[in-house]
Amino acid sequence: MAETFVIAQGGGPTAVINQTVVGATLEAKRRYPGARVLGALHGVRGIRDGNFVTLSDLSEDELRAIAATPSAALGSTRDKPDEAYCAQVLKGLEAVRADAFINIGGNDTSGTQAILRDAAGGRMTFMHAPKTIDNDLMENDHTPGFISAAEFVAGAFLSVDLDFRALPGVYVGIVMGRHAGFLTAAASAWATDETSGPHLTYVPERAFDRSRFIEDVKSVLATHGRCIVAMSEGVSDGSGRSLVESLVPPEMLERDAHGNVRLSGTDLGQAVERMLAEDLPGQRARVDTLGYLPRGNIATINETDAREAFEAGAFAVASVEQGDGSVALQFDGMRTALKLVPLEAVAAKTRHMPETYLEPEANKISAEGREYLHRLLPRKFEVGRVFV
């Protein structure tokens, strides 16, 4: 019987990641009366450094309030532990006599769990609970955090399209997503008809070509008098080099602590603005970088997303006695169900948006892609008649 659970959060915050923490905490208290549930502050770094809060001491009302609050209440980290770091984390888990460690996060988090499991040799259970607005975890139909962020993106692009009907021009909205284009694709979820934006969509799964981009924009302008573009921050050229690297001088690129080019800053937006100014001189154009705004917006917390995130945490605790694994949200054609899958099926892997979600000869979301988005994001607003 499990007596001590440790819960941590990793990677970027979302609107519903705290639901998973609370779902796990309440399920542990229900299944294992008297069990201790510790929250590690700032992810695995908190375990390494011995920084914990005792979640099981909080009342249900206090926990429910935390669940309804966006961002990561325990604090997160971008640390990517190697084997030596994981050895320190394992020592920290043993110091608090952990029976199970539930780590909530994306690809890197699941990879950390696999390393820890191998090092622990069966001394405790390692469970990965899914979280990512990128929607890029293998074995999952969709991931907690995606729907809420996607609603923000869908609403933003519907609004921008109406704006640019009134005052025509070119608009490019840059959306988070380093390797997968699901969140950018969500810009098309609430399009009102075939003339609505986004008229063009560029995602990491398809190589970006500058000359094709300009021709695409010109063609849309000729047809509609305006052009709305959804672009992933992770778009890359034919060689696989990110667009920001190909457009921005090396000395101006921002890099994170791991040496990775920062994609979520303003570099790409400024580069796209220059591209449009050079290739479409005189054309009214605007480029916005949505950045972190979609991922934890309190105004777009989706009820289904919140419920599924909570259930993923509860399911992680309910599955502890089955052994190590990753919680996955799977769709059987009728409903979404939770399933425990091997860590190896998810750890450090990336699920890309299917090619069939894009039209084969155009940079647009296909009917199949829209069908997927409409299932997760039914339109919340009716738009009245527009005369232009």
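1. The loop between β2 (36-40) and α2 (44-49) holds His-42, where helices (H or I, at least four residues) and strands (E, at least two) are DSSP runs numbered from the N terminus. His-42 has a positive phi of about 60 degrees although it is not a glycine. Most residues other than glycine have a negative phi, and most peptide bonds are trans.

2. Please keep in mind that this is a predicted model, in which local features need pLDDT of at least 70 and side-chain atom pairs count only at pLDDT 80 or more, while totals for chains, interfaces and linings use all residues. Residues are numbered from 1 along each chain as its sequence is written, and side-chain values use heavy atoms, with hydrogens and water left out.

3. A cis peptide bond, with omega about 0 degrees, joins Gly-197 and Pro-198, and Pro-198 is found in the loop between α7 (182-185) and β7 (200-202).

4. Helix α1 (residues 17-31) and helix α3 (residues 60-67) have axes that come within 7 Å and cross at roughly 155 degrees; axes are lines fitted to C-alpha atoms, for helices over the stretch in contact, and angles run from 0 to 180 degrees between N-to-C directions. That makes α1 roughly antiparallel to α3, given that angles under 35 degrees count as roughly parallel, over 145 as roughly antiparallel, 65 to 115 as roughly perpendicular and the rest as oblique. The contact (heavy atoms within 4.5 Å) is made by Asn-18, Gln-19, Val-22, Thr-25 and Leu-26 of α1 and by Glu-60, Leu-63, Arg-64, Ile-66 and Ala-67 of α3. By class, the contact of α1 with α3 has 5 nonpolar, 3 polar and 2 charged residues, where Ala, Val, Leu, Ile, Met, Phe, Trp, Tyr, Cys and Pro count as nonpolar, Asp, Glu, Lys and Arg as charged, and the others, Gly among them, as polar.

5. The axes of helix α6 (residues 146-166) and helix α11 (residues 303-318) come within 7 Å and cross at roughly 160 degrees, and α6 and α11 are therefore roughly antiparallel to each other. Their contact is made by Phe-146, Ile-147 and Ser-148 of α6 together with Thr-304, Asp-305 and Glu-308 of α11, and by class it has 2 nonpolar, 2 polar and 2 charged residues.

6. Helix α4 (residues 83-95) packs against helix α5 (residues 107-120) at an angle of about 70 degrees, with their axes 10 Å apart, and α4 and α5 are therefore roughly perpendicular to each other. In this pair, Glu-83, Cys-86, Val-89 and Leu-90 in α4 meet Thr-112, Ile-115, Leu-116, Ala-119 and Ala-120 in α5, and by class the contact of α4 with α5 has 7 nonpolar, 1 polar and 1 charged residues.
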